[in-house]
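Subject: A structure for you to look through

Hello,

Here is the structure I promised to pass on to you. Please open it beside this email and follow along as you read.

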Amino acid sequence: MGIPIADTGEVTEDSGVVGGFLSASGDVDYLIGDDSGEWTAETIAGAYGGELIIDDDGVWIYTALNDHPAIAALNTGDTLTEVFTVTSDNGTTTITITINGNTDPPCFVRGTLIDTPTGARAVETLKAGDLVLTRDQGAQRIRWVGASAVDTRDPDRARQLRPVRIKAGAFGPGIPARDLLVSPQHRILIDMPDMALLFGQSEVLCAAQHLVNDFTIVQDPGDLVIYHHLLFDTHQILMSSGCASESFFPGQVGMDQFHLDTREELFTLFPELRVLPESYGPSVRQVLRGYEAQLVRDRLLPDIDAVDVNPASTRSF
């Protein structure tokens with residue numbers, strides 16, 4: 001007599017997206033005995049815009065909508081779990097699906113002005129060895145610069161790829177002083193008065209994509225975008241047109257998003273990263289998770305009557 005055993009599967013945000021959906025497959029089995037034709041064929045609705053389909057042999061396919069709000073809100077290291085109960089002639093068991101969050105490296109869009117000891121400079125003019133002003137440690141030398149051209153017109157990856165435009169004054173007068181364009185995963189320093197009450201820290205980092213409110217912070221239309229990365233000996237807070245945000249943080253996931261030759265270049269500078277990504281050190285500030293960031297975004301919603309919502313009104317790029 002067969003004994004049904006549990007099965008598992010996993011999908012990763014923005015990975016292997018087909019028609020807007022993430023997918024995984026498998027075959028749930030008996031511990032002992034032949035399970036052919038023993039399972040109840042059915043379709044079970046999932047919690048994230050997809051479903052689990054299983055046939056009478058136990059072969060299953062799982063799907064989830066890549067742009068589902070709960071999945072889109074995941075940061076790297078975050079997970080969601082779905083558990084489905086399936087039935088055989090000899091009893092029930094479960095199929096557990098893990099949904100992994102995934103983010104690309106944070107970066108500035110070409111044309112962003114970065115504060116340096118000699119004044120603001122466009123990010124694309126900076127090179128390794130140049131000094132940049134940091135919030136915590138004054139002038140620091142850049143160890144590595146990187147750039148990549150990204151076609152952001154893919155509708156299945158729009159939210160992940162298209163730059164976020166932080167309009168002039170989005171965080172208050174002169175912050176930023178002009179429109180700032182960053183990648184969706186680029187983290188902005190938030191120092192609003194109630195941060196300590198909410199998160200136990202007076203300053204926190206929040207991914208730009210989690211701050212989008214469609215008024216003062218918006219996601220730009222798809223186009224060809226050049227993203228630039230600035231790496232220092234330690235994670236830093238940089239100033240761009242009066243707005244504080246992070247330098248590149250070479251954690252495991254950040255490194256994984258680069259091509260092999262770029263990773264090798266970084267490993268030459270920081271050889272310990274090859275075997276121990278954590279060796280770079282911690283993030284310079286606490287990083288908010290997607291659900292925590294909603295509290296910040298809600299506080300940034302403008303007074304509609306007082307805001308100029310014309311997208312071209314402050315455009316500087």
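Predicted model: local features only at pLDDT ≥ 70, side-chain atom pairs only at ≥ 80, totals over all residues.

Ser 241 is buried, because its relative accessible area is 15%, and the cut-off for buried is under 20%. You will find Ser 241 in the loop between strand 20 (237–240) and strand 21 (243–246). Its backbone is worth a look too: Ser 241 is not a glycine, yet it has a positive phi of about 55°. Most residues other than glycine have a negative phi.

Asp 214 also has a positive phi, of about 70°, although it is not a glycine. Look for Asp 214 in the loop between strand 17 and strand 18 (217–219). Asp 214 is exposed, because its relative accessible area is 60% and exposed means over 50%.

One more backbone feature: the peptide bond from Ile 175 to Pro 176 is cis, with omega near -10°. Most peptide bonds are trans. Pro 176 sits in the loop that runs between strand 14 and strand 15.

**The chain as a whole**

Now step back. The protein chain has 6 helices and 22 strands. Its length is 317 residues, and 47% of them count as buried. If you take the contacts between residues at least 6 apart in sequence, 64% of them join residues at least 24 apart.

In soluble globular proteins, nonpolar side chains tend to be buried together. The largest nonpolar core here has 30 residues, and the members that touch the most others are Ile 190, Leu 211, Ile 217, Leu 230 and Val 296. At least two residues of this core come from each of strand 14 (164–166), strand 15 (180–182), strand 16 (187–190), helix 3 (195–199), strand 17 (204–207) and helix 6 (290–300). Which of the elements gives the most to this core? Helix 6 does, with 3 residues.

Apart from its neighbours within four places in sequence, Ile 217 is in contact with Val 164, Arg 165, Ile 166, Ala 170, Phe 171, Leu 211, Val 212 and Leu 300.

Another core, of 22 residues, lies apart from the largest one, and its members include Val 17, Leu 22, Ile 54 and Ile 95.

Next, find an open sheet of 3 strands in the order 1-7-6, where the pairing is mixed. Strand 1 (7–12) and strand 6 (79–88) are its edge strands, each pairing on one side only. From one strand to the next, the twist averages 20°. Strand 1 pairs with strand 7 (residues 91–100) in the parallel sense over 6 bridges. To see one of the partners, look at Val 11, whose bridge partner in strand 7 is Ile 99.

**The cysteines**

How many disulfides are there? The count comes to 0. Two cysteines you can check are Cys 107 and Cys 243: Cys 107 counts as buried at 3% relative accessibility, and Cys 243 counts as buried at 2%.

Enjoy exploring, and write back with any questions.

Best wishes

Conventions: Residues numbered from 1 in each chain as written. Heavy atoms only, no water. Core = buried A, V, L, I, M, F, W, Y, C linked by side-chain atoms within 4.5 Å. Buried < 20%, exposed > 50% of the residue type's maximum accessible area, 1.4 Å probe, protein only. Helix = DSSP H or I, 4+ residues; strand = E, 2+ residues; numbered from the N terminus. Contact = heavy atoms within 4.5 Å. Pairing = 2+ DSSP bridges. Axes fitted to C-alpha atoms, helices over the stretch in contact; angles between N-to-C directions. Disulfide = S-S within 2.5 Å.
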